[in-house]
Structure formats: structure tokens, C-alpha cells
Amino acid sequence: MAEENKNKRTEISELGEFGLIDRLTGDIKTHQASTVKGVGDDAAVIDGGSGYILVTKDLLLENIHFDLTYYPLKHLGYKAITVNLSDIYAMNGTPRQVIVGIGLSNRFPLEAVEELYRGMKLACDKYKVDLVGGDTTSSRQGLMLSVTAIGDVEKEKVVYRGTAEEKELVCVSGDLGAAYAGLLILEREKAEFTANPNMQPDLEGFDYILQRQLKPEARPDIIKMLDELKIMPTAMIDISDGLASEIKHICKQSNLGCTVYEDKIPIDEQTYDTARSFNMDPTMYALNGGEDYELLFTIKQDDYEKIKSINDVSVIGYMTEKNAGINLITKSGPVVEIKAQGWDHMK
Ligand code: ADP
Ligand code: MG
């Protein structure tokens, strides 16, 4: 190593999460013919002979991803599973198995870990996946959860992030920003409780956004409906870091730009009212909030009539050539560039 590089120290915060991943994995060369797609999509794609195997992993760390003062362990277990399954659906696949790693400090008694597992088993039952293994270790501090999900997809049905084409329609399932709105309500109640421990939390009227934060669901129903309607998404990603970040992934990897209409972005009334009560812009919750676990996908224009029949899908814009950039046509008229802030934990 050259002398000047020896003492070089680069803060990871300078790179951000995606910059770091690019830096670490950019030069990886694969050795196996069966590795169809490595780093860079919602799941790795492995040739399994008659079909493709999909593998994905997510890590959840106490006080980074969840705060146990208001996050019930059973919900946390449930969420640890569903957020991983979401990445398998984002490849147009079907999840089959999960493997669970946990790190536990001595703060947690058996009963607490059993509660965590009750949530995981509930999610496994609901999504019909099997918990087939894992690893258990002690941790100095806090709780760590690492879940790997395994699924499969027919070879001709796999959908990547980087295969959208110009003029295709951009679609999103469900509504966005609610999980972030729920998080802000929980954080507000925690702050008030810390200031005055006799206070009772006031969570009334926020049931939808709290459920979106505490018990997120993946969207197999959307994958099934698209299949039944014979709509093949041309590119797809799940929304874990906010619409802005995910749309940028699709654009960057497809080498395209995109135009999104602000008034087409689906936002629930409770999300809207909560944002307003915090004097914030509801659209920012949808763009940068994250943890919605909805699906963002592109379709051919010819499929517009068919997609209209799905209630829970909104067409929010269209793909453009790269130089046009990634733009939002705001409700009031001006066009602004979409910038991803997202949940970049490294920053
Ligand atoms: P998602 O939000 O869909 O879970 P991520 O943004 O976490 O995806 O990851 C993007 C891509 O980078 C994925 O292909 C993932 O497997 C890969 N990746 C993330 N962290 C690492 C790492 N430490 N080493 C290798 N690959 C990684
Ligand atoms: Mg994903």
C-alpha cells in the first residue's frame, strides 16, 4: 500500500449507505455460473435449475431501527419477517423460507424472546413461509435481529430495478408516508412521557398510521393481481427508504429520468392530517419517510386500462430520458427536482 494511503481515514458518513455499498462491492467478481444477479437489487438471483432462487437479508438494530420503549416485541418480530418478504415480492417472487439471527443482551428474559418469536411465527403463518434456522448469540448491548428470506420465481417472471424503459408508467401500491407519520406520533408521546411519567399516552385517532409503523405488511396481493391481469411489471422495487430514494434507484439503474405528479402520490387522510399538525408537508413524508413496504413498479403504457381496475394501485408518473432528470410536478405548478434524503442510516 502506498505510504500516503496508510494514514488515510475516510468517514463513512462521507459516502452514505449506498456509496459505501458501491465502494465495497463494486469490484466483486462472481465465480459461480449460477449467480445470475449479485449486489444491486432487492434480492440476489440464483439459478436453481428450473427456476430462480431469490435471497435477501435485512438487519434490525435496537435504537437504530426500533426503540423498545414503544415498540412491542411481538410487533418487532412480525416486522422483522415482513420487511424481508417485501424484498422477495419486489423481485416478483414468492417467499418460501426465512432464517433468523438474534443477538440478545442479558436485559431480555426468556419471556421477552418468546414474545418476539410469537410475532415472527404469526408473520410466517400469515405469509405461509417456514422458519428453518438461524443463529443465536449474546450481545453486550441491546437487541439485534438479522433475517434472511429465501424465495423463488419463474425465470421469465423475475423483475429487476434496472429494466424500465422510456415512456413507461410509474405505479405505486397502497399509500405512502403513513409509517413515518406513525413514528412521529410515537416519538412525540415518548418525549411527553419522559417529561412527565404520570402522563397517559394519547394515541387515539392515529390507529392507521400507528399500525403502518408497528405492523407493516408486505404486498403479495399486488403481485398476485398483476399476474392475474397479465400485467408484467417492467421494473420493480419495494419502498423501504421512501419514494424519492426508490425512484432514484429505478432511474439510475435503468439509465433514465422520470416525472412524478405530486397530486397523484397516494397519501392517507391520517398521514395528511398528522403532517399538517406538525406543520410539515405530507408529500415530504411520502418522498422521504420510508418503511411503507409498498411496491413501486413500471408498466407498459398499453397496460394502463388494466391497471386502472386495481383499486389499490396509483399511476403517479412516467419514465423519461435520462437528461430530463427526476422531477416532481408540484400541486401548485412548478417543477422541482426529486432529491432523496431517505433513511440513510450512515449519514
Ligand atoms: P433493500 O433496501 O432492498 O433491502 P439495500 O439498499 O439494503 O436493499 O441494499 C442494496 C443492495 O446492496 C442489495 O443488493 C444488497 O444485497 C446489497 N448490500 C447491502 N449491504 C451489503 C453489504 N454489506 N455487502 C454486500 N452487499 C450488500
Ligand atoms: Mg428493497
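Strands here are DSSP runs of E, at least two residues long, and helices are runs of H or I, at least four long, all numbered from the N terminus. β9 covers residues 256–261, and β11 covers residues 313–321. The two pair in the antiparallel sense over 5 bridges. Pairing means that DSSP finds at least two bridges between the strands.

A word on the basis. This is a predicted model, where local features need pLDDT of at least 70, side-chain atom pairs count only at pLDDT 80 or more, and totals for chains, interfaces and linings use all residues. Residues are numbered from 1 along each chain as its sequence is written, chains are lettered from A and ligands numbered from 1 in the order in which they are written, and side-chain values use heavy atoms, with hydrogens and water left out.

Back to β9. It also joins β12, residues 326–329, through 4 bridges, and these two run parallel. Threonine 259 stands opposite asparagine 327 there. Is β9 mostly covered or exposed? Mostly covered: 5 of its 6 residues are buried. Buried means under 20% relative accessible area, exposed over 50%, partly exposed in between, with a 1.4 Å probe and protein chains only.

Next, an open sheet. It has 6 strands, in the order β1-β2-β3-β6-β4-β5, with mixed pairing. β1 (35–37) and β5 (130–138) stand at the edges with a single partner strand each, so one side of each has no neighbour in the sheet. Neighbouring strands are turned by 20° against each other on average, direction ignored. For such angles, axes are lines fitted to C-alpha atoms, for helices over the stretch in contact, and values run from 0 to 180 degrees between N-to-C directions.

Start at the β1 end. β1 and β2 run antiparallel, joined by 2 bridges. Lysine 37 faces valine 45 in β2. Valine 45 also has a bridge partner in β3, leucine 54. β2 and β3, residues 52–61, are antiparallel too, over 4 bridges.

Glutamine 97 stands opposite isoleucine 150 in β6. Helix α4, residues 110–127, lies across β4, β5 and β6, at about 170° to β4. Contact means heavy atoms within 4.5 Å.

Now the metal. Which residues coordinate the magnesium ion, ligand 2? Asp42, Asp87 and Asp238, each through OD, at 2.0 to 2.1 Å. Donors are N, O and S atoms within 2.8 Å of the metal, or 3.2 Å for Na, K and Ca; water is not among the atoms, so sites may look incomplete. The spacing along the chain is D-x44-D-x150-D. Aspartate 42 sits in the loop between β1 and β2, aspartate 238 in strand β8, 196 residues apart. Aspartate 42 is buried at 5% relative accessible area, and aspartate 238 is buried at 1%.

Last, ligand 1. There are 13 residues around it, and Gly40, Asp41, Asp42, Asp87 and Arg161 come nearest. Near means a heavy atom within 4 Å. A polar contact is a pair of N or O atoms within 3.5 Å. Oxygen atoms of ligand 1 lie 2.7 Å from a polar backbone atom of glycine 40, and 3.0 Å from an N or O atom in the side chain of aspartate 87. Arginine 161 places a polar side-chain atom 3.1 Å from an oxygen atom of ligand 1.

Notes. Polar contact = N/O pair within 3.5 Å; in protein donor to acceptor, adjacent residues only side chain to side chain.
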